[in-house]
Amino acid sequence: MKNLIGLLVACSMHLGISQPTANDSLIKVSGGGFSQINEALFPGAVVYAGTGNNQVYVQHKGIQMWCDRAVFYRKDNFIRIFDHVRMNQGDSIKMSATYAEYNGKTEFAFASGHVEMNNPGTTLTTDSLFFDRSKQQAYYRSGGTVTDTASTLKSRIGRYFIAENRYQFLENVTVTNPEYTIDSDHLNFYTETGHAYMYGPSIIKGTTSTVYCERGFYDTRADEGYFIKNSRIDYNNRTVTGDSLYFNRGRSFASATNNIVVTDTINKSIIKGHYAEVFRAKDSVFITKRAVAISVQEQDSVYIHADTLMVTGPADDRIVRGFYDVRLFKSDLSGRCDSIITRQRTGLTKMITQPVLWSGNSQMTGDSIHIQSNTKTERLDSLHVFYNAFIIDQDSSGGFNQIKGKELLGKFNDSSALEVVHINKNVENLIYSRNEQQQLIGINKGTSGRMEVLFEAQEMSVITTFDHVEDITYPPEELPENARTLRGFIWRGDEIITTKEGLFKGQPVPVLPAIQGIPLPKIEEDFFKQDQKLEINKNSRLKGSDLQTRASDTADGIRKKKAGHEG
């Protein structure tokens with residue numbers, strides 16, 4: 001009986017059937033239909049084969065494997081498994097392949113042939129996969145595809161960090177979603193949340209928008225993201241840049257913070273500021289903090305600054321609205337008011353609430369001012385001052401020519417300089433008369449039904465009165481200083497804007513918020529780097545060079561390679 005028991009134990013050990021042993025690190029093999037020893041073909045190994053549904057079963061320290069055929073090198077604690085291969089690590093990692101091998105000493109596995117690895121929420125498919133159990137990392141570098149609940153991710157190189165539920169994708173990274181695609185050369189993806197972090201030049205492209213950034217975050221399930229470093233959002237006819245951008249595709253919404261530029265590519269206009277909101281579906285832009293709207297023209301651009309600017313309407317009918325302390329500048333024209341509305345289709349600009357306009361040395365005020373531009377040439381065409389029109393012209397000697405009436409109509413020449421002004425109804429005037437030496441010889445005060453003023457070199461040159469004219473010219477000594485102004489006279493010359501930088505005169509420099517950065521990716525230790533060199537079994541399909549990190553497979557190597565191609 002003792003001999004029989006001993007023989008059974010010896011046979012079972014020879015076949016690799018699990019036995020209680022002090023060496024728990026030994027790979028254990030069981031199941032299958034039969035086993036055999038063939039020293040000629042597989043020296044030092046036992047060959048196992050399954051039959052029907054009875055596959056060969058392999059286990060080692062919590063990892064389980066099934067296959068149709070296995071070759072086990074007991075002395076080396078190394079096994080090769082073939083056909084319908086399945087590998088499970090607990091309930092989290094499940095893998096299938098055509099071929100796999102596993103080293104029990106190093107706990108390092110390699111699989112090839114239609115490899116599929118599943119973990120909760122994602123599935124990886126690739127041609128070949130390395131799996132380091134000691135690090136709890138999987139790695140491929142021959143191209144792979146990860147399917148998430150919302151997207152499909154492809155890359156040439158991929159590395160899965162099991163403990164972090166994180167993938168690192170390198171080179172030719174593409175994320176495909178029904179609503180958009182992402183192209184990058186370095187993307188970290190968290191499988192539990194669907195969060196993606198992009199490093200280096202990356203593009204998110206949808207049907208209505210394209211996002212570019214060199215560092216960014218995107219929630220692939222909520223379809224929203226945050227981007228910094230040379231970030232840009234391109235809509236069909238607008239481009240938004242800024243130090244940081246937020247984007248939500250479902251709401252058709254974007255916001256930007258610090259050093260923002262919104263470019264209207266169709267209408268050749270630019271809006272700048274330090275905080276902006278863009279609603280694509282509504283064709284509207286809201287911008288504040290040193291907000292400036294610039295109408296780009298070949299000869300002379302027009303600048304409008306306000307506390308808050310809003311641009312609404314489709315590309316062929318943009319409307320710009322400015323609120324609170326509005327300032328307007330053009331090389332030969334400037335103005336201020338409380339609010340402004342300008343419509344691109346009609347070329348009409350309305351200055352509302354305490355408006356003032358300066359053309360050269362002439363100041364015009366009224367209850368409201370309308371400026372009409374030619375929609376084809378974009379040059380200034382005419383202006384209309386409604387109610388309480390008042391024009392003041394400071395002559396070269398410092399005197400103030402003054403004309404007031406119910407309304408004022410002005411016409412600009414081809415150079416957008418004021419050429420002629422008509423003042424209508426209840427006209428009053430106070431005009432200084434000077435000789436050729438610019439000496440004051442008289443002051444004319446009068447009234448009329450209407451008046452025409454011609455301008456030359458942006459100064460009053462010819463004045464003509466009509467209808468019920470009553471004029472008196474006083475010698476200067478007969479008209480004291482306190483009688484040399486018309487009722488309502490206010491000269492606002494210290495507010496004239498002479499440069500585009502003057503748009504912000506007297507305003508505090510806004511305090512810009514600190515941008516919440518996206519940290520650079522941590523430098524990962526090479527996948528194949530070990531305290532001791534990975535052991536290659538002599539019976540492995542792998543070679544020593546297969547278990548080494550190639551320079552072309554690192555993030556730095558990929559960047560250098562791409563820079564070389566671009567150069």
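A charge sits over a ring if NZ of Lys or CZ of Arg is within 6 Å of the ring centre and within 35 degrees of the ring normal. K282 meets this rule, lying over the face of F279 at 5.7 Å from the ring centre. The model is predicted, so local features need pLDDT of at least 70 and side-chain atom pairs count only at pLDDT 80 or more, while totals for chains, interfaces and linings use all residues. Residues are numbered from 1 along each chain as its sequence is written, and side-chain values use heavy atoms, with hydrogens and water left out.

**Charges over rings**

**Aromatic pairs**

- Rings of Phe, Tyr and Trp (its six-membered ring) pair if their centres lie within 6.5 Å; planes under 30 degrees apart count as stacked, over 60 as edge-to-face and the rest as tilted. The count by this rule is 24 aromatic pairs.
- One of these is the tilted pair of F130 and Y139, with 6.4 Å centre to centre and 40° between the planes.
- F130 counts as buried at 6% relative accessibility, and Y139 counts as buried at 5%. (Buried means under 20% relative accessible area, exposed over 50%, and partly exposed in between, with a 1.4 Å probe and protein chains only.)
- F400 and F489 form an edge-to-face pair, 5.5 Å centre to centre with 65° between the planes.
- F400 lies in strand β34 (residues 400-412) and F489 in the loop between β38 (470-474) and α2 (555-566), so this pair ties together parts that are 89 residues apart in sequence. Helices (H or I, at least four residues) and strands (E, at least two) are DSSP runs, numbered from the N terminus.
- F400 is buried, at 19% relative accessible area, whereas F489 is partly exposed, at 22%.
- F130 and Y139 also belong to one aromatic cluster that takes in F108, F110, F527 and F528.

**Salt bridges**

- A salt bridge is a side-chain nitrogen of Lys or Arg within 4 Å of a carboxyl oxygen of Asp or Glu. A search of the whole structure finds 26 of them.
- R141 bridges to D553, with the closest N and O atoms 3.7 Å apart. R141 is in the loop between β11 (137-140) and β12 (144-147), and D553 is in the loop between β38 and α2, so the pair ties together parts that are 412 residues apart in sequence.
- R141 counts as buried at 10% relative accessibility, and D553 counts as buried at 3%.
- R141 and D553 are linked with R156, E171 and R550 in a network of salt bridges.
- R345 bridges to D317, the closest N and O atoms being 3.9 Å apart. This pair links distant parts of the chain, 28 residues apart: R345 is in the loop between β28 (333-343) and β29 (348-352), and D317 is in the loop between β26 (302-312) and β27 (319-330).
- R345 is partly exposed at 48% relative accessibility, whereas D317 is buried at 8%.
- D467 bridges to R450, with the closest N and O atoms 3.1 Å apart. D467 lies in the loop between β37 (459-466) and β38, and R450 in strand β36 (residues 440-456), 17 residues apart.
- D467 is partly exposed, with a relative accessible area of 40%, and R450 is partly exposed, with 36%.

- E171, a member of the salt-bridge network, is found in strand β15 (residues 166-177). E171 has a positive phi of about 65° although it is not a glycine, and it counts as buried at 10% relative accessibility.
- N172 is placed in strand β15 and has a positive phi of about 55°, again without being a glycine. N172 is exposed, with a relative accessible area of 52%.

**Surroundings of Q55**

- Q55 is in the loop between β3 (46-49) and β4 (56-60) and is buried, with a relative accessible area of 16%.
- A polar atom of the Q55 side chain lies 3.2 Å from the backbone oxygen of H84.
- Not counting residues up to four places away in sequence, Q55 touches S30, G31, G32, G50, W66, C67, D68, D83, H84 and R86, where contact means heavy atoms within 4.5 Å.

Terms used. Polar contact = N/O pair within 3.5 Å; in protein donor to acceptor, adjacent residues only side chain to side chain.
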